[in-house]
Amino acid sequence: MAWDEWEQLKSQAAERQSTQMQLNQVEPGAGGGGNTADPSQYGDLTVREGDLAKIGDHAFTLYNDLWNKGRRAVPSSDKAAGNLSTQGFALGGGLQHVSTRWDEQLSSLRDACAHISNHMQVTKKLHAGDDHYIRRQMSSIDVLDAGFDERVGDPGKKNPVYGDSGEKKGKN
């Protein structure tokens with residue numbers, strides 16, 4: 001391959017890359033906001049207890065429905081598999097295998113639903129605790145700010161929170 005041909009291939013690849021590859025950004029006007037310097041454009045992630053409770057309730061309902069409705073076929077399939085096997089049909093073993101796999105997969109799916117339901121309950125409690133903690137911390141900060149903020153008093157005057165400088169504490 002000649003050197004000129006190599007240079008030409010490199011420049012063609014560079015042109016394709018500059019027009020095709022865009023990392024960590026969305027093209028302007030593509031609905032992504034376009035302003036990466038202002039995070040307020042994207043909003044805050046909010047979690048509401050009602051939303052978490054709803055997800056947990058749906059997962060719990062699905063868990064119960066899978067048990068009540070998903071297992072209906074297992075006893076009759078097991079019985080049919082046993083009857084076919086005793087009569088010498090190879091289909092009995094295959095049907096038993098399908099029934100066993102169905103039961104295993106159903107159990108796995110029910111475990112996942114239970115995990116989601118339990119996780120939503122725990123998450124709901126944790127977020128409620130976090131909200132209360134943050135409120136308590138913020139209210140105590142407001143009280144502290146009053147003592148440290150020199151803007152509380154008139155400009156050029158002492159902050160009244162500190163009291164009069166002529167008062168001596170503990171001495172009469």
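1. Trp3 is found in helix α1, which covers residues 3–20. The model is predicted. Trp3 is exposed, because its relative accessible area is 62% and the cut-off for exposed is over 50%. Together with Trp6 and Leu9, Trp3 forms a nonpolar patch on the surface, and the three share about 370 Å² of accessible area.

2. Glu7 and Lys10 are three residues apart in helix α1, so about one helical turn separates them. Glu7 is partly exposed, with a relative accessible area of 32%, and Lys10 is partly exposed as well, at 41%.

3. On the overall fold: the protein chain has four helices and zero strands, giving the pattern α-α-α-α along the sequence. Of its 172 residues, 12% count as buried. The accessible surface comes to about 14,500 Å², and carbon and sulfur atoms account for 55% of that. Among contacts between residues at least 6 apart in sequence, 51% join residues at least 24 apart.

4. Helix α2 (residues 49–70) contains both Phe60 and Tyr63, which are three residues apart and therefore separated by about one helical turn. A search of the whole structure finds one aromatic pair. The rings of Phe60 and Tyr63 make up this pair, with centres 6.3 Å apart and planes at 15°, so the pair is stacked. The angle of 15° falls in the stacked class because that class takes planes under 30 degrees apart. Phe60 is partly exposed at 45% relative accessible area, and Tyr63 is partly exposed at 24%.

5. The charged end of Arg110 sits over the ring of Tyr63, at 4.0 Å from the ring centre.

6. Ser117 lies in helix α4. Its relative accessibility is 8%, so Ser117 counts as buried, the limit being under 20%. Apart from its neighbours within four places in sequence, Ser117 is in contact with Gly56, Ala59 and Phe60.

7. His119 has 43% relative accessibility and so counts as partly exposed. The C-alpha atoms of His119 and Ile55 are 10.0 Å apart in space, while the two residues are 64 apart in sequence.

8. The count of salt bridges comes to three. One of them joins Arg71 and Asp103, whose closest N and O atoms are 2.5 Å apart. Arg71 lies in the loop between α2 and α3 (73–86), and Asp103 in helix α4, so this pair ties together parts that are 32 residues apart in sequence. Arg71 is partly exposed at 24% relative accessibility, and Asp103 is partly exposed at 30%.

9. Another salt bridge links the side chains of Glu104 and Arg101, at 3.0 Å, N to O. Glu104 and Arg101 are three residues apart in helix α4, so about one helical turn lies between them. Glu104 counts as partly exposed at 41% relative accessibility, and Arg101 is partly exposed with a relative accessible area of 39%.

How values were computed
Residues are numbered from 1 along each chain as its sequence is written. This is a predicted model: local features need pLDDT of at least 70, side-chain atom pairs count only at pLDDT 80 or more; totals for chains, interfaces and linings use all residues. Side-chain values use heavy atoms; hydrogens and water are left out. Helices (H or I, at least four residues) and strands (E, at least two) are DSSP runs, numbered from the N terminus. Buried means under 20% relative accessible area, exposed over 50%, partly exposed in between (1.4 Å probe, protein chains only). Contact means heavy atoms within 4.5 Å. Accessible areas come from the Shrake-Rupley method with a 1.4 Å probe; for residues, only the protein chains shown count as cover. Patches are made of residues with over 30% relative accessible area and no salt bridge: like charges are joined within 9 Å, nonpolar side chains (Val, Leu, Ile, Met, Phe, Trp, Tyr) within 5 Å. A salt bridge is a side-chain nitrogen of Lys or Arg within 4 Å of a carboxyl oxygen of Asp or Glu. Rings of Phe, Tyr and Trp (its six-membered ring) pair if their centres lie within 6.5 Å; planes under 30 degrees apart count as stacked, over 60 as edge-to-face and the rest as tilted. A charge sits over a ring if NZ of Lys or CZ of Arg is within 6 Å of the ring centre and within 35 degrees of the ring normal.
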